[in-house]
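The structure comes first, then the notes.

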Amino acid sequence: MTAPTCGRLIGASLGPGDPALITRRAWACLSGGARWLYPVKKAEESSYALGIVERGGLAIPADAEALVFPMTRDPIALAKAWSRAATRTVALLREGRDLVFLVEGDASTFSTFGHLARVVRELAPEVEVETIPGVSSFAAAAASTGLTLAEEDETFAVIPAAYGVPVIERLLEEFDTLVLLKVKPLLDEVLALLTRRGLLATSCFIEKVGSPDERVVRDVASLAGEKVNYLSLLLVQNPKRVRGELRRGCRKHAHEPA
Ligand SMILES: C[S@@+](CC[C@H](N)C(=O)[O-])C[C@H]1O[C@@H](n2cnc3c(N)ncnc32)[C@H](O)[C@@H]1O
């Protein structure tokens, strides 16, 4: 008797909101008969990732299932939720059908998928995992605002703002552009830093990029005191940064042959 085969777990990146940014590979996977799983913060709540696919015109299969990943720091609640999500995922995979997990943005960038895949592999090492890459929120935000993340020898860093103002301030010395994700809880502190460093004019705030509710705020000081959406980020360009000498760069040195 042959052992029953396990389905594959596929993380399908959907981009940050505009269904036109779903890749052909993710689209093919969604339309290819795999069972859908999608993340929600609470049972019965809407899913941002599912909304992207709906706007793209794909019908949601009747057996698509929500997995709850609560937005909490409570370690006990988190552990319970993760265990429930991973156990359910493994049970479905053992039915033999592929599962596609819907991911907002890119699945390898601060995504629930990476952690889910790890926990699932701990429970069921035989599970094959595939990741379909996609457009990240900050790539779409740069495009939407017309700001570049880096040119030529410039440097850029992407960090959760929760590292706090001293770390952000230090990184401003090292990077020409900072992308501050999960900025909501620290927005006022970061705005005060940008004011102090004279960087308000070269910063831009973007909320729900690519979705019908996209909001771009160039006058970032006007956001002081506002409760913004969790799906928001700040792009901060630091044209005043003093750069070090490059050992090697994009530019050819005068003495090098063409
Ligand atoms: C858990 S991370 C997910 C990142 C996502 N996987 C990506 O590739 O961009 C959540 C943070 O990413 C940023 N983010 C995700 N989607 C966004 C969107 N549509 N618009 C603006 N920021 C977004 C926000 O800073 C948010 O707090």
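## Helix over the sheet

Helix H6 (residues 165-174) lies across S6 and S7. Its direction runs at about 155° to S7. Axes are lines fitted to C-alpha atoms, for helices over the stretch in contact, and angles run from 0 to 180 degrees between N-to-C directions. Contact means C-beta atoms, placed from the backbone, within 7 Å. Helices (H or I, at least four residues) and strands (E, at least two) are DSSP runs, numbered from the N terminus.

This is a predicted model: local features need pLDDT of at least 70, side-chain atom pairs count only at pLDDT 80 or more, and totals for chains, interfaces and linings use all residues. Residues are numbered from 1 along each chain as its sequence is written.

## The sheet

Five strands form an open sheet in the order S6-S7-S10-S8-S9, with mixed pairing. Strands pair if DSSP finds at least two bridges between them. S6 (156-160) and S9 (215-217) are the edge strands, each pairing on one side only. Neighbouring strands are turned by 15° against each other on average, direction ignored.

S7 (residues 177-181) pairs with S10 (residues 232-237) in the antiparallel sense, over four bridges. Leu-180 has Leu-234 in S10 as its bridge partner.

Notes:
Two residues are in contact if their C-beta atoms, placed from the backbone, lie within 7 Å.
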